[in-house]
Amino acid sequence: MLGGTFDPVHLGHLRICVELRERLGLDHVRLVPNRVPPHRDAPRASNAVRAQWIADAIADEPGLVLDSIELDRDGPSYTADTLAVLRERFPDSPLVCILGQDAFDGLVTWFRWEDIGELAHVVVVPRPGTPSSPVESLPGLMRTDRIEDLQQSLHGRLLAANVTPLAVSSTQVRRLLVQGRSVRYLVPDAVWHALAQTSEQSPPVYDA
């Protein structure tokens with residue numbers, strides 16, 4: 001799974017999912033939009049709009065799946081809670097939680113973070129344009145460089161994985177939209193078309 005606000009979803013998100021699905025031999029990658037992110041401001045776009053953007057963006061990519069598990073749940077969107085539900089759904093399959101380097105660096109401040117290694121593997125991807133810090137073992141998460149270790153156990157491994165560095169962020173996309181500038185080729189075409197339509201609304205999805 002890859003969680004986040006996806007406010008809006010952009011090509012960096014999707015490229016991470018596609019590359020890691022292929023490299024790690026995953027059946028699929030679930031994109032899980034937050035309802036109430038505990039460590040950042042609330043999303044500007046609504047739950048329904050963000051979910052629709054993701055659905056439109058991945059419509060022709062069968063290896064990517066929209067999962068509304070956190071949108072359907074009240075309260076803060078804790079990753080440990082989400083992984084616990086996914087573990088119940090897929091009791092006999094390895095689970096992989098994909099985290100950006102910045103999220104991983106703050107992992108020990110997360111709610112029930114110690115449970116994450118008991119539920120899933122963690123794969124850390126660097127944030128383009130920022131220096132990477134070493135990815136070291138944590139309680140419940142043993143560092144490995146072998147993809148096979150993720151495939152041969154259900155949980156508890158920690159892997160750092162480089163992906164194609166696409167230096168785009170949702171913050172950057174929102175800023176450009178507020179400035180009235182184009183975000184084409186930063187977001188999927190389906191999302192670009194949707195944003196173009198919503199920018200004509202009053203008020204638009206993103207405004208100053």
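**Exercise 1.** Where is the place of Y185? Describe its backbone and its accessibility as well.

*Solution.* The model is predicted.
Step 1: Y185 is found in the loop between α7 (170-178) and α8 (189-198).
Step 2: The phi angle of Y185 is positive, about 75°, although Y185 is not a glycine.
Step 3: The relative accessibility of Y185 is 61%. Exposed means over 50%, so Y185 counts as exposed.

**Exercise 2.** Explain which parts of the chain the salt bridge between R30 and D67 ties together.

*Solution.* 
Step 1: The side chains of R30 and D67 meet at 2.7 Å, N to O. A salt bridge requires these atoms to lie within 4 Å, so the pair qualifies as a salt bridge.
Step 2: R30 belongs to strand β2 (residues 29-33), whereas D67 lies in the loop between β3 (64-66) and α3 (79-89), so the bridge ties together parts that are 37 residues apart in sequence.
Step 3: Buried means under 20% relative accessible area. R30 has 15% and is therefore buried; D67 has 4% and is buried too.

**Exercise 3.** Describe R112 by its location, its backbone, its accessibility and its salt-bridge partner.

*Solution.* 
Step 1: R112 is located in the loop between α4 (101-105) and α5 (116-119).
Step 2: Although R112 is not a glycine, its phi is positive, about 50°.
Step 3: R112 has a relative accessibility of 31%. Partly exposed covers the range between the buried limit of 20% and the exposed limit of 50%, so R112 counts as partly exposed.
Step 4: The side chain of R112 meets that of D115 in a salt bridge of 2.6 Å, N to O. D115 is partly exposed, with a relative accessible area of 28%.

**Exercise 4.** Identify the cis peptide bond between D7 and P8 and locate the proline.

*Solution.* 
Step 1: The peptide bond from D7 to P8 has an omega near 5° and is cis.
Step 2: P8 lies in the loop between β1 (2-4) and α1 (11-24).

**Exercise 5.** Compare the radius of gyration of the protein with that of a compact globule, and then describe the overall fold.

*Solution.* 
Step 1: For 208 residues, a compact globule would have a radius of gyration near 17 Å. The protein has 17 Å, so the two values agree.
Step 2: The C-alpha trace spans about 50 × 35 × 35 Å along its principal axes.
Step 3: The protein contains eight helices and seven strands.
Step 4: Of the 208 residues, 43% are buried.
Step 5: Among contacts between residues at least 6 apart in sequence, 70% join residues at least 24 apart.

**Exercise 6.** Describe the accessible surface and the charges of the protein.

*Solution.* 
Step 1: The accessible surface comes to about 10,500 Å², and 50% of it belongs to carbon and sulfur atoms.
Step 2: The protein has 20 positive and 27 negative charges, and the mean positions of these two sets are 4 Å apart.

Note on methods. Residues numbered from 1 in each chain as written. Predicted model: local features only at pLDDT ≥ 70, side-chain atom pairs only at ≥ 80, totals over all residues. Heavy atoms only, no water. Helix = DSSP H or I, 4+ residues; strand = E, 2+ residues; numbered from the N terminus. Buried < 20%, exposed > 50% of the residue type's maximum accessible area, 1.4 Å probe, protein only. Rg over C-alpha atoms; globule rule 2.2 N^0.38 Å. Contact = heavy atoms within 4.5 Å. Areas by Shrake-Rupley, 256 points an atom, 1.4 Å probe, with all protein chains shown as cover. Lys, Arg positive; Asp, Glu negative; His and termini not counted. Charge placed at Lys NZ, Arg CZ, Asp CG, Glu CD.
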